Amino acid sequence: MIRPELHYNKEVYEKISNTKREEKKYMMCDLEVIGSGAAGTVYTSFLKPKKEFPQPLVLKEQKRTRHCLNERDALRYLREKMLKGELPAYYLFMYGFFSSGSKYYIIMEKCGECLGEYLVENNLNVKEYLQLFWQIADAVDCLEKRKFNHGDLWFENIMIDEDKKIKIIDFDSAYKDSVCKNPSFGGAERFR
């Protein structure tokens, strides 16, 4: 099985990276709620100007806590490793982040539907199930080799893109010594 290569919008990444900190809270538009959970609310959104950047993104809004910073640090680490080619693209790509008032925002790629919905909506054969399982096992193995623990891996935190490749999301419970040391330890079980 071939590991997925990283594909991301370089223009979006550069625009967000080069926007001044105090201006970042004004750079997103057309927010639409797509979900909420223990950690916050998730929106589809677009980078301004939308005509120049028509690619939908995901904007995660959280109360400003050490756990949202934990997720930011985990995603920053994973992004760095994927950009260097040291990790396959099994993990959500973070374009950037900013704070506004008591809230913290993470700008990420939009990456398909959750594994649970995908399995219910599609009549997969054994080979297709095994291909998904292999990707999940390989993604976890890649993290474990780096002593990186996701901390909340279940079907709601695994997405499937249009190419039937997995993307692992939601890293507020992640732990890796010296990278992300403030995992959340509760709250999500109420949603399961």
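A polar contact is a pair of N or O atoms within 3.5 Å. In this predicted model, Asn9 caps the N-terminal end of helix α1, with a side-chain oxygen 3.0 Å from the backbone nitrogen of Glu11.

**Helix α1**

Helix α1 spans residues 10-18, and its Val12, Tyr13 and Ile16 are buried. These residues lie on the same side of α1 because they cover an arc of only 100° around the axis. An α-helix has 3.6 residues a turn, so residues three or four places apart point the same way. Glu11 and Asn18, on the other side of α1, are exposed. Buried here means under 20% relative accessible area, and exposed means over 50%.

The cover over the buried residues of α1 includes one helix and several strands, among them those tabulated here.

| Element covering α1 | Residues |
|---|---|
| β2 | 40-47 |
| β3 | 57-63 |
| α2 | 66-83 |
| β4 | 94-100 |
| β5 | 103-109 |

Strands of a sheet pair through backbone hydrogen bonds, either parallel or antiparallel. Strand β7 (residues 158-160) is joined to β8 by three bridges, and the two run antiparallel. Met159 has Lys167 as its bridge partner in β8.

Notes
Residues are numbered from 1 along each chain as its sequence is written. This is a predicted model: local features need pLDDT of at least 70, side-chain atom pairs count only at pLDDT 80 or more; totals for chains, interfaces and linings use all residues. Side-chain values use heavy atoms; hydrogens and water are left out. Buried means under 20% relative accessible area, exposed over 50%, partly exposed in between (1.4 Å probe, protein chains only). Helices (H or I, at least four residues) and strands (E, at least two) are DSSP runs, numbered from the N terminus. The arc is that of the directions from the helix axis to the C-beta atoms. Contact means heavy atoms within 4.5 Å. A polar contact is a pair of N or O atoms within 3.5 Å; within protein, one must be able to donate a hydrogen and the other to accept it, and residues adjacent in sequence count only if both atoms are side-chain atoms. Two strands pair if DSSP finds at least two bridges between them.
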